[in-house]
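This briefing concerns helix packing and a few selected residues in one structure. The sequence and coordinates come first, and the commentary follows.

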Amino acid sequence: MQKFSARQISLIGLAVSLIIIISQISIPMPYGVPMTLQTLIIPVVGILLGKRDGTIAICIYLILGLIGFPVFAGFSGSILSFIGPTGGFLLSFPIMAYLAGQWSDDNVKVYIGLILGTFINLTIGTLYFSWVTGSTLKVAFIACFAPFIFTAIIKIVLAGFIGMKSKRILYKKIKV
């Protein structure tokens, strides 16, 4: 089992804190699936920390929410967040971070990870919403996928830019 350096532990802790803060920026939407900046910061963390440490940071964030800390959008958190209509989005966050961090050393390939991660996030969120609410896939698509396509494209571009630029600065400054 690989040990973690103090630097890695610190960066993971800082990433979890950043996710918690940025997750509170959300806009309520008609079907109960809010538009949040979670889907911007999750892949940025994957890019900054890499696939392993980024995924670990996301899992810690999810565990904190699962045990009741109000870390999710709207200061929510509990098992109810996972079994409710938006639980699929949360469950797909580690995949998003992993895919964003998978090719984070390549300025072009990182966007493949971002696109795949976003597509998986929206797809799992939509399917889970349909299952939990008992709605048709068409209704779930209208509630969970279609309204977020435009903002997802913007977030992919921003996450790639912010993540890659921040990674260069971070690695230069602290020699991670």
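The crossing of α5 and α6 is right-handed, a crossing being left-handed if the near helix is turned anticlockwise from the far one by less than a right angle, and right-handed if clockwise. The model is predicted: local features need pLDDT of at least 70, side-chain atom pairs count only at pLDDT 80 or more, and totals for chains, interfaces and linings use all residues. Residues are numbered from 1 along each chain as its sequence is written, and side-chain values use heavy atoms, with hydrogens and water left out.

**Helix α5 with helix α6**

- Helix α5 spans residues 109–133 and helix α6 spans residues 137–144; helices (H or I, at least four residues) are DSSP runs, numbered from the N terminus.
- The axes of α5 and α6 come within 9 Å and cross at roughly 130 degrees, where axes are lines fitted to C-alpha atoms over the stretch in contact and angles run from 0 to 180 degrees between N-to-C directions.
- The two helices α5 and α6 are therefore oblique to each other; angles under 35 degrees count as roughly parallel, over 145 as roughly antiparallel, 65 to 115 as roughly perpendicular and the rest as oblique.
- On the α5 side the contact (heavy atoms within 4.5 Å) is made by Leu122, Gly125, Thr126, Leu127, Phe129 and Ser130, and on the α6 side by Leu137, Ala140, Phe141, Ala143 and Cys144.
- These residues of the contact of α5 with α6 divide into 8 nonpolar, 3 polar and no charged; Ala, Val, Leu, Ile, Met, Phe, Trp, Tyr, Cys and Pro count as nonpolar, Asp, Glu, Lys and Arg as charged, and the others, Gly among them, as polar.

- Phe145 lies in the loop between α6 and α7 (149–174).
- At 13% relative accessibility, Phe145 counts as buried, a class defined as under 20% relative accessible area (1.4 Å probe, protein chains only).
- Apart from neighbours within four places in sequence, Phe145 is in contact with Phe119, Leu122, Thr123, Thr126 and Ala140.
- Phe145 and Ser5, 140 residues apart in sequence, are 39 Å apart in space from C-alpha to C-alpha.

**Packing of helix α4**

- The axes of α4 and α5 come within 8 Å and cross at roughly 165 degrees.
- That angle makes α4 roughly antiparallel to α5.
- The crossing of α4 and α5 is right-handed.
- The contact of α4 with α5 has 14 nonpolar, 9 polar and no charged residues.
- Helix α2 (residues 38–66) and helix α4 (residues 87–102) pack with their axes 7 Å apart, at an angle of about 100 degrees.
- Helices α2 and α4 are therefore roughly perpendicular to each other.
- In the contact of α2 with α4, the residues comprise 14 nonpolar, 8 polar and 1 charged.

**Ala97, in α4**

- Ala97 lies in helix α4 and, at 0% relative accessibility, counts as buried.
- Beyond neighbours within four places in sequence, Ala97 is in contact with Ile42, Gly46, Gly54, Thr55 and Ile58.
- Ala97 and Leu170 are 73 residues apart along the chain, and their C-alpha atoms are separated by 18 Å.

**Ser23, in α1**

- Ser23 belongs to helix α1 (residues 6–23) and is buried, with a relative accessible area of 0%.
- The side chains of Ser23 and Tyr61 are joined by a polar contact of 3.0 Å; a polar contact is a pair of N or O atoms within 3.5 Å, and within protein one must be able to donate a hydrogen and the other to accept it, while residues adjacent in sequence count only if both atoms are side-chain atoms.
- Not counting residues up to four places away in sequence, Ser23 touches Gln38, Tyr61, Val71 and Ala73.

Conventions: Buried < 20%, exposed > 50% of the residue type's maximum accessible area, 1.4 Å probe, protein only.
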